[in-house]
Structure formats: structure tokens, C-alpha cells
Amino acid sequence: MPGGFCGAMMKLKLIVLGQLTEPHWRAACDEYKKRLSHSCNVQEIELKEVRMCRDPAQGEIAAALEREADQILAQIPPRAFTVALCVEGKQYTSPALSALIDEKITAGASELCFIIGSSHGLSERVKKAANLRFSMSALTFPHQLARVMLYECIYRCTEIRRGSPYHK
């Protein structure tokens, strides 16, 4: 399938909390966005994390996640297939994720929308609003690396659908 699951410039939106502060993470994301730009209209929305004290109590974290949820939910496009990245989410192989995304787009999703919360995660409200809860791994990685990994994962899915040798 030429163009991958993004077909005729499918819209891809990443809603992320926080900024990439390390130049190498930014460069890696920019490279994957460039690769995806041939088949997807990529939009990345960086939202500000709610500031908390150095060692926040659970109540402060919960309140911050709810304020962040308001920002996130306001950015989700109508009819988008929305994926929340969270540790309790389902894990997929790359071919299975590619097939799932292709299925959702074929069924009429106007856009793919992926959400990466802050280092404290996402509120339950955001997770409930998502069509899919997705975990890239049971392992723990640096928070900023999650965005790079997600871009690579999405790019790999497009290449699988295109039949390219990238996935091998």
C-alpha cells in the first residue's frame, strides 16, 4: 500500500506534556517527523506541565493531572482515533499495531492522535477519553525518550503497511 496507513496525507497529532530539553532527543524526533512527512501531516502540540514542588504529595499530583487533562482534552480532534500512552496499556507487536491503526483509519478515523502525559502520567479522565490505552514496554525509560520511541513506532507502522524492508 503506497504511502503507508497514512494514505493521502493522513493527519497525525501528538499531544505531549513538557518540552524536549535535550538537543539529541529533539534531533531524533525531527528526523522521524521528516520521514513521516511523506505520508502524514504531522502536528505536535507541546503543553506545559503543571508545576509542583520537588516532592509532591499524591493529592498535589492528582490535582496537577486534572489540570493537565483539561489542556489535553481541549486538543483532541473530533473523530480522531485517540491513543493514550500509559503503563497499564496494552502492548502490541509492530505488525499488530500497524494493522490496528490501518483498521481504524479504514473505518473512518479522521486523524490519529497520540497522547503522552507528564512524568506523573495521565489522569483517568484522559485515559477514559482515549480509544486505546497503549504501553510501548513494561520497562522504564527516560520520559523524554518516550516521544522519540513513539515517533519511531509510528514510522515503523507506516513502513510495515508500505511493505518496505525497514521493519526487518
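**Entry 1: helix α3**

I started with the buried residues of α3. I noted Leu 97, Ser 98, Leu 100, Ile 101, Asp 102 and Ile 105. I am reading a predicted model here. Next I looked up what these buried residues pack against, and found β1, β4, β5 and α5.

I then checked the length of α3. The helix has 13 residues, which should span 18 Å at 1.5 Å a residue. Its end C-alpha atoms are 18 Å apart, so the two values agree.

I also looked at how α3 sits on the sheet. Helix α3 covers residues 94-106 and lies across β1, β3, β4 and β5. It runs at about 130 degrees to β4.

**Entry 2: α3 against α5**

I turned to the packing of two helices. Such a pair is described by the angle between the axes and the distance between them. For α3 and α5 I read an angle of about 80 degrees, with the axes 9 Å apart. Angles of 65 to 115 degrees count as roughly perpendicular. The two helices are therefore roughly perpendicular to each other.

Which residues meet here? From α3 I listed Ser 94, Pro 95, Leu 97, Ser 98, Ala 99, Ile 101 and Asp 102. From α5 I listed Cys 153, Arg 156, Cys 157, Ile 160 and Arg 161. I sorted the residues of this contact into 7 nonpolar, 2 polar and 3 charged.

Arg 156 is in helix α5. Is it buried or exposed? Its relative accessibility is 18%. Buried means under 20%. So Arg 156 counts as buried. Leaving out residues up to four places away in sequence, I found that Arg 156 touches Ser 94, Tyr 166 and His 167. I also checked Arg 156 against Leu 145: 11 residues apart in sequence, 16 Å apart in space, C-alpha to C-alpha.

His 143 belongs to α5 too, a helix of residues 143-162. I noted His 143 as partly exposed, with a relative accessible area of 31%. Setting aside neighbours within four places in sequence, His 143 is in contact with Leu 17, Ile 116, Gly 117, Ser 118 and Ser 119. Between His 143 and Tyr 166 I read 23 residues in sequence and 26 Å in space, C-alpha to C-alpha.

**Entry 3: the sheet**

I followed the strands next. There are 5, and they form an open sheet in the order β2-β1-β4-β3-β5. The pairing is parallel. Which strands stand at the edges? They are β2 (40-47) and β5 (132-134). Each has a single partner strand, so one side of each is left without a neighbour in the sheet. Direction ignored, neighbouring strands are turned by 25 degrees against each other on average.

I went through the pairs.

- β1 and β2 run parallel and are joined by 8 bridges. Lys 11 stands opposite Asn 41 in β2.
- β3 and β4 pair in the parallel sense over 5 bridges. Ala 80 has Glu 111 in β4 as its bridge partner.
- β3 (residues 80-90) and β5 run parallel, with 4 bridges between them. Leu 85 has Phe 134 in β5 as its bridge partner.

I also checked how covered two of the strands are. In β1, 7 of the 8 residues are buried, and I call the strand mostly covered. In β3, 8 of the 11 residues are buried, so β3 is largely enclosed by the rest of the structure.

Helix α1 (residues 23-36) lies across β1 (10-17) and β2. I read its direction as about 150 degrees to β2.

Helix α2 has 18 residues. From its first C-alpha to its last it reaches 26 Å, close to the 26 Å expected at 1.5 Å a residue. Its buried residues are Ile 61, Ala 64, Leu 65, Glu 68, Ala 69 and Ile 72. What do they pack against? I found β1, β2, β4 and α4 (124-129).

**Entry 4: Arg 79**

I closed with a backbone angle. Most residues other than glycine have a negative phi. Phi of Arg 79 is near 65 degrees, a positive value in a residue other than glycine. Where is Arg 79 found? It is in the loop between α2 (58-75) and β3. At 60% relative accessibility, I count Arg 79 as exposed.

Notes. Residues are numbered from 1 along each chain as its sequence is written. This is a predicted model: local features need pLDDT of at least 70, side-chain atom pairs count only at pLDDT 80 or more; totals for chains, interfaces and linings use all residues. Side-chain values use heavy atoms; hydrogens and water are left out. Two strands pair if DSSP finds at least two bridges between them. Axes are lines fitted to C-alpha atoms, for helices over the stretch in contact, and angles run from 0 to 180 degrees between N-to-C directions. Contact means heavy atoms within 4.5 Å. Buried means under 20% relative accessible area, exposed over 50%, partly exposed in between (1.4 Å probe, protein chains only). Angles under 35 degrees count as roughly parallel, over 145 as roughly antiparallel, 65 to 115 as roughly perpendicular and the rest as oblique. Ala, Val, Leu, Ile, Met, Phe, Trp, Tyr, Cys and Pro count as nonpolar, Asp, Glu, Lys and Arg as charged, and the others, Gly among them, as polar. The expected span of a helix is 1.5 Å times one less than its number of residues.
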